[in-house]
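Student: I have a structure to read. Can we go through the terms one by one?

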Amino acid sequence: MANEINNFQEIISHCKEYGYIFQSSELYDGLSAVYDYGQMGAQLKKNLRDEWWKSMTQMHENIVGIDAAIFMHPTVWKASGHVDNFSDPMIDNKDSNKRYRVDHLIEAFAETLEKSAADTLIAEMDKLLAADDLTGLKSLIEVNKIKCSISKTVNWTDVRQFNLMFSTQIGSVAEEADTIYLRPETAQGIFVNFLNVQKTGRMKIPFGIAQTGKAFRNEIVARQFIFRMREFEQMEMQFFVRPGTQMEWYNYWKDARKKWHESIGIPSDKLRFHDHIKLAHYADAALDIEFEFPFGWKELEGIHSRTDFDLNQHAKFSKKKIQYFDNDLNAEGKPYGNYTPFVVETSVGLDRLFLTVISLAYQVEKWTKEDGTEDSRVVLKIPAKIAPTKLAILPLLKKDGLPEIASALMNECKSQFHCFYEEKDAIGKRYRRMDAIGTPFCVTIDHQTKEDNTVTIRYRDTMLQERIPMSEVSKLVAKAC
Ligand code: GAP
């Protein structure tokens, strides 16, 4: 594990050095658990988002996408249960005043124990969390003499629930302003638009509504880089089904989503399912698709069978009828019927997916050269399909007409995929930089190009080089991407 943690620190530094991720407001010493995506990161994030969007909307005739506002009527969050239930048990240390999420405090302590003792402790904690037993959780911390990492004391407050939603004011005059919340999940924008989309899109059940967008949670223990942030992006899909068929669809989406992760290059053995013991207030079944991050197995995506809870709640609080009229029931010999659809949700964090891709891609390779000397490189083996830049076009020299040929190739390719042009530095140094950025293909234009219109193409993953006709470059790269 120690090596993996070191490796994780290296990944974080690499992301900064090559323009993937910066600490937010770094100029002012940063803002905790908030990050900015740089020029490479923003493109990788967009590629991941586009892949998801395409797989959901373009590849499913019965799924459409929307883009709902972040600000919503405050009653939405009362109806959804977030005002009353979206909280985590917290405990404060009276000497350091540091606040901890109880599960994180106990989990960190468990990591210092032998495996069997750790398993027993975590099982006990899970039972108490499932029963909402705050007094029991405090006793568990006291009995195990779990200390605050700062004060090193066991002087704890009682365990209390702490709501994770950020609030702000809407309206220009303070006295008239209403308190509203920054959405903690994108899903509610879908639920409140269920009828709009179903009617205007003439959608027939089963059908889905997909959406990507920012969500905000006042996470107390925000740690592990972009794994747990206060501002993050979700890609969610609510699939509306007939009551009674939800488990069938839950199993369908469980498998479909795991296969999708594999399709973007995540190995199957790095993914696993984890069934929830404690269900959220809206769910009758739930699981996580976990990925083996450098710091252990953690949730990447949630699959939730959310029943008819959300639509019923919005019907109740808005006093409007939110139901579906199922024509097909009649054709099947059953009576015509209005009903509230059940919902199966798939919800993946875009930032966690980004971290997954980067953790897998980051590799340090060392080898012995033919002359016996050692060599090494840092490479991001991001699959070509999602790599931010697909092709680097490199004239060997800044003269003899080579830049002109390279620019012509750039013009031919840039409308098809993202290219990068570079004429500075020795060619070996430029290759290493492209490896570190994760560019899957480099082509070098040299003097031979002027004679026979061929170029050297270099493959990032194998470092192999071959000569191909310049006219083949765009086809080869487009095919791989
Ligand atoms: N609508 C259901 C929902 O929001 P969730 O399990 O709380 O369910 C779904 O969140 C996904 O959002 C998680 O699997 C994770 O990938 C991502 N996520 C949640 N909280 C996050 C945070 N603080 N930082 C980054 N990603 C987060």
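This is a predicted model: local features need pLDDT of at least 70, side-chain atom pairs count only at pLDDT 80 or more; totals for chains, interfaces and linings use all residues.

Tutor: The chain is divided into domain 1 (42-70 + 180-359), domain 2 (88-163) and domain 3 (389-480).

Student: How do you know that domain 1 and domain 2 are in contact?

Tutor: Contact means heavy atoms within 4.5 Å. By that rule, 8 residues of domain 1 are in contact with 11 residues of domain 2. The C-alpha centres of the two domains lie 31 Å apart.

Student: How much area is buried between domain 1 and domain 2?

Tutor: About 810 Å². Carbon and sulfur atoms give 58% of that area.

Student: Why is the pair Arg 101 and Glu 219 called a salt bridge?

Tutor: The cut-off is 4 Å, from a side-chain nitrogen of Lys or Arg to a carboxyl oxygen of Asp or Glu. Arg 101 and Glu 219 are 3.7 Å apart, N to O. That is within 4 Å, so the pair counts as a salt bridge. Across the interface of domain 1 and domain 2, the rule finds 1 salt bridge. The side of domain 1 that touches domain 2 has 3 nonpolar, 1 polar and 4 charged residues.

Student: Which backbone atom of Leu 300 lies 2.8 Å from a ligand oxygen?

Tutor: A backbone N or O atom. For Gly 349, a backbone N or O atom lies 2.9 Å from an oxygen atom of the ligand.

Student: How much of the ligand's accessible area does the protein cover?

Tutor: The protein covers 93% of the 560 Å² that the ligand has on its own.

Note on methods
Residues are numbered from 1 along each chain as its sequence is written. Side-chain values use heavy atoms; hydrogens and water are left out. Domain bounds come from an automatic or database domain assignment. Buried area is the accessible area (1.4 Å probe) that two parts lose on being put together, summed over both. Ala, Val, Leu, Ile, Met, Phe, Trp, Tyr, Cys and Pro count as nonpolar, Asp, Glu, Lys and Arg as charged, and the others, Gly among them, as polar. A polar contact is a pair of N or O atoms within 3.5 Å; within protein, one must be able to donate a hydrogen and the other to accept it, and residues adjacent in sequence count only if both atoms are side-chain atoms. Accessible areas come from the Shrake-Rupley method with a 1.4 Å probe; for residues, only the protein chains shown count as cover.
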